[in-house]
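Visitor: Hi! Could you show me this one and take me through a few details?
Guide: Gladly, here it is.

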Amino acid sequence: MAALFVSLVPRKNLGRVHADQVRFRRALALRELLYEIFSRAARGKKPQPQALRTFQSLYQNVIRLAEFHPVANHYRLMWPAATHPLERISQEIARSAADLLTSEALTRARQCSGERCSWLFVDNSRNGMRRWCDMKACGNRAKVQRFRRNLRRAVGESSGRRG
């Protein structure tokens, strides 16, 4: 499939297409690395040392490119405007991940309890007992399933009493 796609791209754009594919693969690798680190945190475990070293190296490369820009009465780390959009997104994600990894909020990392969901989130609820990534999606599905299960049980019990 990739070969077919490349054959449809004019030769002058092949370098750009290859660079975009590399950026995309790096973004996927970052996603997998962060999932490994934060899913362990969600289970109350420390990240694997190798994963942490890999992220630290990546973060150091990312932050090396950032520049301080004045914003009102303080400064903000930003990346040069010429940075490719996919690179910029990955850089912001890495910075946000480092902020979470170095904050007390790490203890509130959770993994969704939905049957077919593996999303991670930070539980900002007051009691720290949030179970689903999104109440409208996974939470609602779980509640509907529980309601139907209870309804079947109640119907089964009531029909069993008659016979």
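**Loops, salt bridges and pockets**

Guide: Let's start with Ala-72, which is exposed, with a relative accessible area of 79%. Here buried means under 20% relative accessible area, exposed over 50%, and partly exposed in between, using a 1.4 Å probe on protein chains only. Do keep in mind that this is a predicted model, where local features need pLDDT of at least 70 and side-chain atom pairs count only at pLDDT 80 or more, while totals for chains, interfaces and linings use all residues. Residues are numbered from 1 along each chain as its sequence is written, and side-chain values use heavy atoms, with hydrogens and water left out.

Visitor: Where is the place of Ala-72?
Guide: Ala-72 sits in the loop between strand E1 (67-71) and E2. Helices (H or I, at least four residues) and strands (E, at least two) are DSSP runs, numbered from the N terminus.

Visitor: And what phi does Ala-72 have?
Guide: A positive one, about 55°, although Ala-72 is not a glycine. Most residues other than glycine have a negative phi.

Visitor: OK, next loop. Where does Thr-83 lie?
Guide: Thr-83 is in the loop between strand E2 (74-78) and helix H4 (85-101).

Visitor: Is Thr-83 buried or exposed?
Guide: Buried, with a relative accessible area of 17%. A polar atom of the Thr-83 side chain lies 2.7 Å from the backbone oxygen of Pro-80. That is a polar contact: N or O atoms within 3.5 Å, where within protein one must be able to donate a hydrogen and the other to accept it, and residues adjacent in sequence count only if both atoms are side-chain atoms.

Visitor: Leaving aside neighbours within four places in sequence, what is Thr-83 in contact with?
Guide: Arg-88 and Gln-91. Contact means heavy atoms within 4.5 Å.

Visitor: Changing topic, how many salt bridges are there?
Guide: The count comes to six, taking a side-chain nitrogen of Lys or Arg within 4 Å of a carboxyl oxygen of Asp or Glu.

Visitor: Which residues are linked in a network?
Guide: Asp-20, Arg-23, Arg-26 and Glu-87 are linked by salt bridges. Asp-20 pairs with Arg-23, with the closest N and O atoms 3.0 Å apart. Both lie in helix H2 (residues 14-42), three residues apart, about one turn of the helix. Asp-20 is partly exposed at 27% relative accessibility, whereas Arg-23 is buried at 19%.

Visitor: How does Glu-87 come in? How far apart are the closest N and O atoms of Glu-87 and Arg-23?
Guide: Those atoms of the Glu-87 and Arg-23 salt bridge are 3.4 Å apart. Glu-87 lies in helix H4 and Arg-23 in helix H2, so this pair ties together parts that are 64 residues apart in sequence. Glu-87 is partly exposed, at 22% relative accessible area.

Visitor: Now for pockets. What volume does the largest pocket have?
Guide: About 380 Å³. On a 1 Å grid over the protein atoms alone, a pocket is an open set of points with protein on both sides within 12 Å along at least five of seven lines, and lining residues have an atom within 4 Å of a point. Grid points are joined across faces, edges and corners, and the volume is the space filled by probe spheres set on them.

Visitor: Last one: is Arg-40 buried or exposed?
Guide: Arg-40, in helix H2, is buried, with a relative accessible area of 18%. The Arg-40 side chain reaches the backbone oxygen of Lys-46 at 2.7 Å.

Definitions and conventions
1 Å grid on protein atoms, 1.4 Å probe; cavity = no way out; pocket = protein on both sides within 12 Å on 5 of 7 lines; lining within 4 Å.
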